[in-house]
Protein chains: 2
Amino acid sequence: MTDCEIILVGDELLKGERHDAHLPWLARVLAGVGVRVARAYTIRDDADEIRGLIAQRLGETRLLVITGGLGPTPDDVTREAFAAGFARELEFHNPSWQAIVARFESYGRPVTDANRRQAMVPTGGEVIPNAHGTAPGCFLDGGDTLGVLLPGPPRELRPMVERDVLPRVATLFHREPLRVETFRTIGVGESDLMTQFGDALGRLDAWRVSSLPSLTGVDIILTARDGADRGALDEGANRMEGQLRAGLGGKFYEHGIRSLDRVVHDTLSERGDTLAVAESLTGGRIGAMLTDHAGSSAYLLADVVTYSNESKVKMLGVQPEIISEHGAVSEETCTAMAHGVRRATGATWALTTTGIAGPSGGSEKKPVGLVYLGVAWDGGVQAHRVRYRGSRDMVRTRAVYGALWILLDRLHRA
Amino acid sequence: MTDCEIILVGDELLKGERHDAHLPWLARVLAGVGVRVARAYTIRDDADEIRGLIAQRLGETRLLVITGGLGPTPDDVTREAFAAGFARELEFHNPSWQAIVARFESYGRPVTDANRRQAMVPTGGEVIPNAHGTAPGCFLDGGDTLGVLLPGPPRELRPMVERDVLPRVATLFHREPLRVETFRTIGVGESDLMTQFGDALGRLDAWRVSSLPSLTGVDIILTARDGADRGALDEGANRMEGQLRAGLGGKFYEHGIRSLDRVVHDTLSERGDTLAVAESLTGGRIGAMLTDHAGSSAYLLADVVTYSNESKVKMLGVQPEIISEHGAVSEETCTAMAHGVRRATGATWALTTTGIAGPSGGSEKKPVGLVYLGVAWDGGVQAHRVRYRGSRDMVRTRAVYGALWILLDRLHRA
């Protein structure tokens, strides 16, 4: 019997019209109460299929989460199928209906008869109120298997999970949180990392080791083996952290799950420094990522996307001769942009990107993927020439993370 | 028997460490050759589980696609499990091995014995070469079910699907592409849309109708009913387009699947106009989205993220008195930013955002979610006051799409 399985319902997921956002999020929060997701199913808005799959999984998993298809329209059939899968009837639940009526009143809209369906609950079900939408969820005790029915929109589902589902699941399983330690690196390939640290990783007896490469770096992930001793876990994780720091320096940038942009955000915030950015090929992505974090207004003075040569001259004061002599994609232009944006804003730090994202615009001397990343501070400037492979999107993504990393590396030396 | 089922293999997908990117993409390209994905499974890197699931689906689906877990490390077990699921042995495939050796040589790295596993192919399997990585894929004919094994990284999988899998699948099914028509709207709620167009949509006999709301708008999606007459389909889709245009004006912005930023990009490119952007609460997201599209350098002169008041003054020439009198989040500052960035760059169009993204920074008079969106052109300026609900991320996302939409609406009137 598995801990938990998840059924994601929705034609739109199987037609490629929408990405699923639930599985990664549910997996993380369930791991927080020690519960592993063993399998997920993505299936159509088809009542027979939903019912059949639920019936088949009863007794096979302790927790069966079903999400999506609870709306008021005729193609929303999950509520009926959920009840049928557990061999229950649906009955009208007046408190849920009153909540739906009140919600429509607050919107200033008339409630429709179609919404009555959303107030139907399986016999013996326990309603999970929905504070952000009309469709309530529900717990249904099927003996070996606890069913959890949840609406599809993340802004409705997530508060319901946090407020009602996780406490219930924690009580049901009585588990310690799954212990996971993540070490994030940038600028080292997965196989080089394994060559350098393979022996050390092999000696971590209390931990299972996995590595997760992405466009922007490689994470080393340690997951506690069942029943491993806490002292051995601590000792192993600390040893690994020390070895990564000694071997990689700033290329090991995070023990934890903060993203690189979050680490830069936190570092700048803690130091009380300010930052100005001038982006060319990355087109505003660095600013967009930093301003995703509340509080970025404390340090981010400006981000100037100078996509044209003229704007590099006008907005940053780059001398036209520098561009005409060396080109927009050059060390000289990159450092002039950094000085320029720092001068214009008075920021402690300046960060700049210029390069050829492709697919066109490359030449033999300056191929697609050639990028200069620059950082400037009081008394110094540094430019890195890098060559990224891949599509336009990959080149730009790598340039964003490369730039954030050289800034962070410089911050650590300051 | 279903058309197609997909098995996504990877512990990282079930631990929330990575989002799946394959299902939406595969669903779309398969629909292009008339094949519907009936179900997807996300399962662990567990050989028994993979084998068992494959064996269970044989004869139940015509096409069984399995992706992930083809790497050289011991936790990559999909290749063996795939063969076992079809009751085949693995045998060494020398051409694949030579391709792996050549790839390592091109990287300047020694090939390892671990990589030999990647050159193993099930008996009777037909290799799908991998032009962007070491792990080849393979077709395996299991009678009623054709198995397709593919590596996990999208940059490896996608070219293999496009070059080898889709032609094979097209031959296997001999289908017309699934006909789908998408109508994209912004600024109208789903239920209002249904109230306004429900009758018209109900008369589309040849089409199945669904609606897909997101943070940024609602798509109406028509999917051809099996066996529907081509003339009736054309007539219905044309009628619907006319009714949406008459009823919604510019709020119906796309018949097709282009995103709003893509439509803005195409419209500016076709007109030969130029654009300058000044962003406050959206922090560079508008620039980042437009520059996702190759060719944006032809029109995007600059994007100035003026996150601080000082930078609004220094970089855009906004008069300090405007900010001190009306505040940074005001109609006056919004239009001054628009004039300023247009003046600084000489662009045909200027687009600006200023607002309070939250979670903090709001007041009774200027609550979190209050946003001004501005557009300026030769001889005019327009500012919209809007109030968005939701989290910081939701407010910012809605502001980005709101801004793109007011620009597009203005472009259509020009």
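**Interface and selected strands of chains A and B**

In the predicted model, chain B and chain A together bury about 5400 Å², of which 51% is on carbon and sulfur atoms. On the side of chain B, the residues that lose the most area to chain A are B:Arg39, B:Tyr307 and B:Met315, which together account for 11% of what that side buries. In terms of residue contacts, 65 residues of chain B are in contact with 65 residues of chain A.

Between chain B and chain A, six salt bridges are found by the rule applied, and one salt bridge of the model joins the side chains of A:Arg396 and B:Asp292, with an N to O distance of 2.5 Å. Polar contact across the interface of the two chains is found for 31 residue pairs, both residues of each pair being at pLDDT 80 or more. When the residues on the side of chain B that touches chain A are sorted by class, 26 are nonpolar, 21 are polar and 18 are charged.

The two chains are also linked through their strands. Strand S14 of chain A, comprising residues 300–306, pairs with strand S14 of chain B, likewise residues 300–306, in the antiparallel sense and over five bridges. Within this pairing, A:Ala302 is positioned opposite B:Thr306 of S14(B).

Within chain B, strand S9 (residues 180–185) is largely enclosed by the rest of the structure, because five of its six residues are buried, that is, under 20% relative accessible area. S9(B) runs antiparallel to strand S11 (residues 217–224) of chain B, to which it is joined by six bridges. S9(B) also pairs in the antiparallel sense with strand S12 (residues 252–255) of chain B, in this case over three bridges. B:Phe183 takes part in both pairings, its bridge partner being B:Ile220 in S11(B) and B:His255 in S12(B).

In chain A, a buried position is provided by A:Leu149, which has a relative accessible area of 1% and which lies in strand S8, residues 145–150. Apart from residues up to four places away in sequence, A:Leu149 touches A:Ile66, A:Leu70, A:Thr78, A:Arg79, A:Phe82, A:Ile128, A:Gly137 and A:Cys138.

Terms used: Residues are numbered from 1 along each chain as its sequence is written. Chains are lettered from A and ligands numbered from 1 in the order in which they are written. This is a predicted model: local features need pLDDT of at least 70, side-chain atom pairs count only at pLDDT 80 or more; totals for chains, interfaces and linings use all residues. Side-chain values use heavy atoms; hydrogens and water are left out. Contact means heavy atoms within 4.5 Å. Buried area is the accessible area (1.4 Å probe) that two parts lose on being put together, summed over both. A salt bridge is a side-chain nitrogen of Lys or Arg within 4 Å of a carboxyl oxygen of Asp or Glu. A polar contact is a pair of N or O atoms within 3.5 Å; within protein, one must be able to donate a hydrogen and the other to accept it, and residues adjacent in sequence count only if both atoms are side-chain atoms. Ala, Val, Leu, Ile, Met, Phe, Trp, Tyr, Cys and Pro count as nonpolar, Asp, Glu, Lys and Arg as charged, and the others, Gly among them, as polar. Two strands pair if DSSP finds at least two bridges between them. Helices (H or I, at least four residues) and strands (E, at least two) are DSSP runs, numbered from the N terminus. Buried means under 20% relative accessible area, exposed over 50%, partly exposed in between (1.4 Å probe, protein chains only).
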